[in-house]
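Me: I have a model open and want a quick tour of it. Can you take my questions one by one?

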Amino acid sequence: MPIKQMSLAQIKDFIKPPAPRGIEEVVLHHTWSPTIAQYRGQATWEGIRNYHVNENGWSDIGYHFGVGGESRERLLWKLRPVTKSGAHVLNRNQHTIGVGMIGNFDVEDPTLSVHAAAGLVRLLVDRFKLAAHNIRFHREFENKSCPGIRVSLAAFRELVMGTPQATWPIRGRRSRRWPWCWAARSLTVARSSSTAGWRCYWRH
Ligand SMILES: [Zn+2]
């Protein structure tokens with residue numbers, strides 16, 4: 001799957017289909033290296049993927065989503081399909097989603113990245129029906145500071161849960177244009193505000 005910068009609305013669409021492995025937790029990380037100062041956008045993500053694949057021998061980049069330090073407009077990245085287990089936390093990848101923030105938040109300022117991550121995690125919490133305690137930090141499971149000593153777990157959970165709730169349209173109608181929508185019970189058709197047309201939605 002190509003690494004791609006996405007808006008929050010695009011990520012919302014991207015995570016609509018069911019993730020059959022069952023998502024129970026979101027685990028937050030920082031990259032530590034590269035730092036925000038070293039960040040070069042897409043090239044940095046490709047570099048991380050090359051390292052994970054060629055040095056670590058993993059099938060893909062370890063995280064599902066990335067938060068880049070570039071600017072407010074170009075912060076969120078989809079990296080690996082949520083339908084597949086990631087490779088980001090020891091013995092806990094099967095039912096988790098990994099979110100990696102570019103930066104060394106032992107020393108760098110995490111404010112911008114943490115706020116962008118909170119919007120993304122709020123989407124994931126709503127989509128997969130998670131609670132605040134399902135938002136986890138890597139350091140809870142391994143002996144490291146990840147996602148950085150400057151990031152507080154309690155404050156991050158509060159920030160996420162204080163972010164407006166993400167909603168997906170669930171009221172729909174049968175459509176001849178989208179017969180396959182009704183092949184599965186979990187699907188519905190609804191008017192999309194973003195594309196100004198009818199489209200198929202996954203019920204959640
Ligand atoms: Zn980590």
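Me: Which residue in strand 5 is the bridge partner of glycine 66?

Reply: Glycine 100. Keep in mind that this is a predicted model.

Me: And how many bridges join strand 3 to strand 5?

Reply: Three, and the two strands run parallel.

Me: What about histidine 29? Which residue is its bridge partner in strand 5?

Reply: Glycine 100 again: it is the strand 5 partner of histidine 29 and of glycine 66.

Me: How many bridges join strand 2 to strand 5?

Reply: Six. Strand 2 and strand 5 run parallel.

Me: How many residues of strand 5 are buried?

Reply: Six of its six. Both faces are covered. Thr96, Gly98 and Gly100 are buried on one side, and Ile97, Val99 and Met101 on the other.

Me: Let's zoom out. How many helices and strands are in the chain?

Reply: Four helices and eight strands. Along the sequence the pattern reads β-α-β-α-β-β-β-α-β-α-β-β.

Me: What share of the chain is buried?

Reply: 34% of the 204 residues. As for contacts, take those between residues at least 6 apart in sequence: 67% of them join residues at least 24 apart.

Me: Now the core. How many residues are in the largest nonpolar core?

Reply: 38. Those with the most contacts inside this core are Val26, Val67, Val99, Ala117, Leu120, Val121 and Leu124.

Me: Which elements each supply at least two residues of this core?

Reply: Among the strands, strand 2 (25–30), strand 3 (65–67), strand 4 (76–78), strand 5 (96–101) and strand 6 (135–137). Among the helices, helix 2 (42–55), helix 3 (111–127) and helix 4 (153–162).

Me: Which one gives the most?

Reply: Helix 3, with eight residues.

Me: Pick valine 26. What is it in contact with, leaving aside neighbours within four places in sequence?

Reply: Valine 26 is in contact with Thr96, Ile97 and Val99, as well as Val121 and Leu124. Leu130, Asn134, Ile135 and Arg136 are also on its list.

Me: Switching to helix 2. How many residues does helix 2 have, and how far does it reach?

Reply: Helix 2 has 14 residues and reaches 19 Å from its first C-alpha to its last. That is close to the 20 Å expected at 1.5 Å a residue.

Me: Which residues of helix 2 are buried?

Reply: Thr44, Trp45, Ile48 and His52. They sit on the same side of helix 2, because they cover an arc of only 100° around the axis.

Me: And which are exposed on the other side?

Reply: Ala43, Asn50 and Asn54.

Me: What do the buried residues of helix 2 pack against?

Reply: Strand 3 and strand 4. Just after helix 2, glycine 57 takes a positive phi of about 75°.

Me: Is asparagine 91 buried or exposed?

Reply: Asparagine 91 counts as exposed, because it has 7 C-beta neighbours inside 10 Å. Lysine 129 counts as exposed too, with 10. The cut-off for exposed is 12 or fewer.

Me: Last stop, glutamine 38. Where is glutamine 38 found?

Reply: In the loop between strand 2 and helix 2. Glutamine 38 is partly exposed, because 14 other C-beta atoms lie within 10 Å.

Me: What separates its C-alpha from that of glycine 103?

Reply: 8.6 Å. Glutamine 38 and glycine 103 are 65 residues apart along the chain.

Note on methods:
Residues are numbered from 1 along each chain as its sequence is written. This is a predicted model: local features need pLDDT of at least 70, side-chain atom pairs count only at pLDDT 80 or more; totals for chains, interfaces and linings use all residues. A nonpolar core is a set of buried Ala, Val, Leu, Ile, Met, Phe, Trp, Tyr and Cys residues joined through C-beta atoms within 7 Å. A residue is buried if 20 or more other C-beta atoms lie within 10 Å of its own, exposed if 12 or fewer, and partly exposed in between; C-beta atoms are placed from the backbone. Two residues are in contact if their C-beta atoms, placed from the backbone, lie within 7 Å. Two strands pair if DSSP finds at least two bridges between them. The expected span of a helix is 1.5 Å times one less than its number of residues. The arc is that of the directions from the helix axis to the C-beta atoms.
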